[in-house]
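Subject: Structure handover

Hi there,

Here is the structure I promised to pass on to you. Have a look at it first, and then read my notes below.

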There are 2 protein chains.
Amino acid sequence: MPRIHFHLQLAELKDKLLAMAALSQQAVESAVDAWLQRDAGLCQYVRENETAINTAQREVDEMAYELLSREQPMAIDLRFILAVIKINGDLERIGDMAVSIAVRTLDLLDQDPIDLPVDIAGMGDFAGRMIRTAVQALLDGDALVAESVRDMDDEIDRMNRVAITELTHVIQEHPETADHALPAILVSRNLERIADHATNIATDVIFWVRGADLRHQLSMAVD
Amino acid sequence: MPRIHFHLQLAELKDKLLAMAALSQQAVESAVDAWLQRDAGLCQYVRENETAINTAQREVDEMAYELLSREQPMAIDLRFILAVIKINGDLERIGDMAVSIAVRTLDLLDQDPIDLPVDIAGMGDFAGRMIRTAVQALLDGDALVAESVRDMDDEIDRMNRVAITELTHVIQEHPETADHALPAILVSRNLERIADHATNIATDVIFWVRGADLRHQLSMAVD
């Protein structure tokens, strides 16, 4: 099979992964909106969207496997395909987290809303920006952009710690709010985990572009 | 390079992955014991163990990459190496969850212990058994054993739901216990996530042995 055909297939694999990334990003944005607006329809959308994400994930994995099996790629092409397989897994888990947020939202819909000291909108925006930046780094093969995602992770970790502290105080002072404050803690942690997956994606981009396994240097700095 | 040499290398890769699995299992058991016995030394051990896990993960990934790159494996050998790469990632995340449990334990050490209606010991045993069973399936290439891990996942999901419900009641009735009950909720969720990673490992074993991508058939049945 001619080499040029192989590179067209790599480009197609990248497109498939970008479509997968769009679905995951969409899921996070919809789940956060569903939580903020208490919108049962959006929750349902997030749950249906998960099926599309799972189908897209399988297609990406199958194409990556086919390419590895048929083309025996070397060096940077091999690293790219391995990065795609890992990024694909992170995107699927981002979708799972979005479903968790939607399920928690549905559980609360029959209760009156209350004000809580937690900035879910801000955390959602921030996590969404991290996914977008990581995907941009993938699109451009830009390790510097990927590294900037690592710095962002510190900030969302901080937001999550603040949220847990504040919400714990609320529960202690107004225990009748626990039904709302506990799910809010879990949603905050879901968003922090979504950000972790974006950081994983950025690290895989760096591995693809530079060939170095920076995972634990990064994760040690981030923890 | 002769084919027999390649199969020796695959066996070596499997041994490396089993050593990695032993470290991750060790981390979970130590973290649960640290929580139950409020043992600062064990917490420290879990944190130091994480460095060993990260080193082992890098070695497995590098060897898998080398084999893919040099040997151009086909069919079942290729599926095995891809499964190793994915399982390696799940084992590393199991180690991360163990560190989370150790960190929460350390946070509580300066406070008097209180009794909470949550069976962390039972959940820890169960999650440990799931990891062991998944690793056994890997060792024997046994898809039936791997499938049994899927059934176990329902049970730990149930234990986690019961724990969250019970602990939420405790917080509402005795808000002064929130400092303990909230970390207990998070530890329960960490153990449930550890079980999810064991389920992922089992699914990758099935993919390796049977060549079918059962991920979403499994996950739909499990959710």
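Helix α5 of chain A covers residues 143-173, and its end C-alpha atoms are 47 Å apart; that agrees with the 45 Å that its 31 residues should span at 1.5 Å a residue. The expected span here is 1.5 Å times one less than the number of residues. Helices (H or I, at least four residues) and strands (E, at least two) are DSSP runs, numbered from the N terminus. Please keep in mind that this is a predicted model: local features need pLDDT of at least 70, side-chain atom pairs count only at pLDDT 80 or more, and totals for chains, interfaces and linings use all residues. Residues are numbered from 1 along each chain as its sequence is written, while chains are lettered from A and ligands numbered from 1 in the order in which they are written.

The buried residues of α5(A) include Ala146(A), Val149(A), Arg150(A), Asp153(A) and Ile156(A). Buried means that 20 or more other C-beta atoms lie within 10 Å of the residue's own, exposed means 12 or fewer, and partly exposed is in between, with C-beta atoms placed from the backbone.

Next comes helix α6 of chain A (residues 178-210), where 33 residues reach 47 Å from first C-alpha to last, close to the expected 48 Å. Because 27 of its 33 residues are buried, α6(A) is largely enclosed by the rest of the structure. Gly211(A) follows this helix and has a positive phi, near 80 degrees.

As for chain A overall, there are seven helices and zero strands. Its radius of gyration is 19 Å, close to the 17 Å that the globule rule gives for 223 residues, so chain A is as compact as a globular protein of that length. (That radius is taken over C-alpha atoms, and the rule is 2.2 Å times the number of residues to the power 0.38.) The C-alpha trace of chain A spans about 65 × 35 × 20 Å along its principal axes, and 46% of its residues count as buried.

The largest nonpolar core holds 136 residues, and Ala127, Ala134 and Val205 of both chain A and chain B have the most contacts inside it. Such a core is a set of buried Ala, Val, Leu, Ile, Met, Phe, Trp, Tyr and Cys residues joined through C-beta atoms within 7 Å.

Now for the interface: 22 residues of chain B are in contact with 23 residues of chain A, contact meaning C-beta atoms, placed from the backbone, within 7 Å. On the chain B side, α2(B) gives the most, with six residues. That side divides into ten nonpolar, seven polar and five charged residues. (Ala, Val, Leu, Ile, Met, Phe, Trp, Tyr, Cys and Pro count as nonpolar, Asp, Glu, Lys and Arg as charged, and the others, Gly among them, as polar.)

A rotation of 180 degrees with 0.1 Å of shift along its axis superposes chain B on chain A, at an RMSD of 0.0 Å. The two copies are thus related as by a two-fold rotation axis.

Two backbone details may interest you. Gln72(B) has a positive phi of about 45 degrees although it is not a glycine, and lies in the loop between α2 and α3 of chain B. Ala75(B), in helix α3 of chain B, also has a positive phi of about 45 degrees. With 9 C-beta neighbours inside 10 Å, Ala75(B) counts as exposed.

Best wishes

Terms used
Two residues are in contact if their C-beta atoms, placed from the backbone, lie within 7 Å. Copies are superposed by least squares on the C-alpha atoms of residues with pLDDT of at least 70 in both.
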